[in-house]
Amino acid sequence: MPYTTLLTDLTDGVFTITLNRPEVLNAFNDPQAEEVQEALKKAERDATVRCLILTGAGKGFCAGQDLGALKGRSEALSFREHLAHTYNPIISKLRSIEKPVIGQINGAAAGAGFGLALACDMRYAAAGAKFRMAFSGISLAPDSGTSFFLPRLIGYARAYEMAITNNPMTSEQALAWGLVNGVFPVDELASATRALAVKLAHLPTKAFGLTKRAMNKAFQLTIDEALDYEAHLQEIAGRTADYREGVAAFLDKRPPKFEGK
Ligand code: LHQ
């Protein structure tokens with residue numbers, strides 16, 4: 001079935017998911033939350049997908065929950081259940097999918113949309129894009145992983161301030177604080193992101209997946225546990241075809257040809 005709220009594209013090993021509800025800055029209604037989950041599952045299963053880009057159509061990245069779509073439903077809705085069916089599985093999958101995910105932050109990212117941006121492995125942002133917690137603006141607590149990611153990325157005091165003041169952060173500030181990896185003029189963002197993604201998709205993506213697994217896990221470990229876990233993953237990496245190819249190419253003094261296996 002074609003998606004009604006997303007555009008997707010698979011070219012050169014790069015799967016691009018574009019949230020496509022630009023009239024509300026790609027805010028989430030239930031179908032969009034469901035379709036993002038489906039698209040991520042498909043990308044995870046498809047071995048030809050070696051890198052993902054997540055972006056938004058029009059001038060916003062994602063404004064979080066579509067507050068209009070909640071109108072009249074809020075009283076009856078269990079927010080806990082809503083999160084369990086919408087943002088939580090999306091955020092979880094973005095962290096567990098063993099392929100690099102690049103957030104192409106083309107415009108405002110707020111609320112659950114900020115969580116979506118933070119759950120990506122890397123972020124390239126448009127000059128002029130803004131990041132906003134948004135939750136406190138409607139008297140909610142943080143969700144969609146924002147309370148997990150933000151203090152880790154920019155430190156507790158800045159994260160807490162951002163949450164309770166609800167002040168937006170510019171992409172330039174985000175770059176200075178290490179929240180994004182690069183900032184580009186808006187008309188150069190897509191090509192810069194794509195160039196990075198295509199390059200990554202032709203590199204040893206199996207090792208990139210193990211790198212993600214190691215760094216995810218390291219948040220919960222002591223140094224000795226992390227060393228042991230690294231050794232476990234290195235055992236896996238050392239048995240891949242790409243490892244053999246990497247070493248052979250190095251010794252032959254030629255560029256390696258990696259296949260993600
Ligand atoms: C919107 C939205 C929006 C609908 C802008 N919905 N239309 C979990 C638990 C359960 C329930 C609740 O939700 C959650 C998770 C969450 O995500 S809670 C947080 C929900 N999101 C927000 O509160 C964000 C509210 N929006 C903003 O702070 C700003 O609009 C941002 C920073 C996103 C963008 O600012 P600007 O670039 O200045 O754009 P704008 O404010 O002028 O908005 C443009 C249009 O988009 C405007 O419509 P209009 O018809 O006037 O052009 C907005 O009403 C609409 N829009 N966010 N979430």
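The model is predicted: local features need pLDDT of at least 70, side-chain atom pairs count only at pLDDT 80 or more, and totals for chains, interfaces and linings use all residues. Residues are numbered from 1 along each chain as its sequence is written, and side-chain values use heavy atoms, with hydrogens and water left out.

**Exercise 1.** Describe the surroundings of the ligand.

Step 1. List the polar contacts (N or O pairs within 3.5 Å). A ligand oxygen lies 2.9 Å from a polar backbone atom of Ala112. For side-chain N or O atoms, the distance to a ligand oxygen is 3.1 Å at Arg132 and 3.3 Å at Lys130.

Step 2. Of the 1000 Å² of accessible area (Shrake-Rupley, 1.4 Å probe) that the ligand has on its own, the protein covers 67%.

**Exercise 2.** Characterise the largest pocket.

Step 1. Its space is about 650 Å³. A pocket is an open set of points on a 1 Å grid over the protein atoms alone, where a 1.4 Å probe fits, with protein on both sides within 12 Å along at least five of seven lines; lining residues have an atom within 4 Å of a point.

Step 2. Among the 22 lining residues, Arg95, Asp121, Lys212, Met215 and Asn216 are closest to the centre.

Step 3. Twelve lining residues are nonpolar, four polar and six charged.

Key. A polar contact is a pair of N or O atoms within 3.5 Å; within protein, one must be able to donate a hydrogen and the other to accept it, and residues adjacent in sequence count only if both atoms are side-chain atoms. Grid points are joined across faces, edges and corners, and a volume is the space filled by probe spheres set on the points. Ala, Val, Leu, Ile, Met, Phe, Trp, Tyr, Cys and Pro count as nonpolar, Asp, Glu, Lys and Arg as charged, and the others, Gly among them, as polar.
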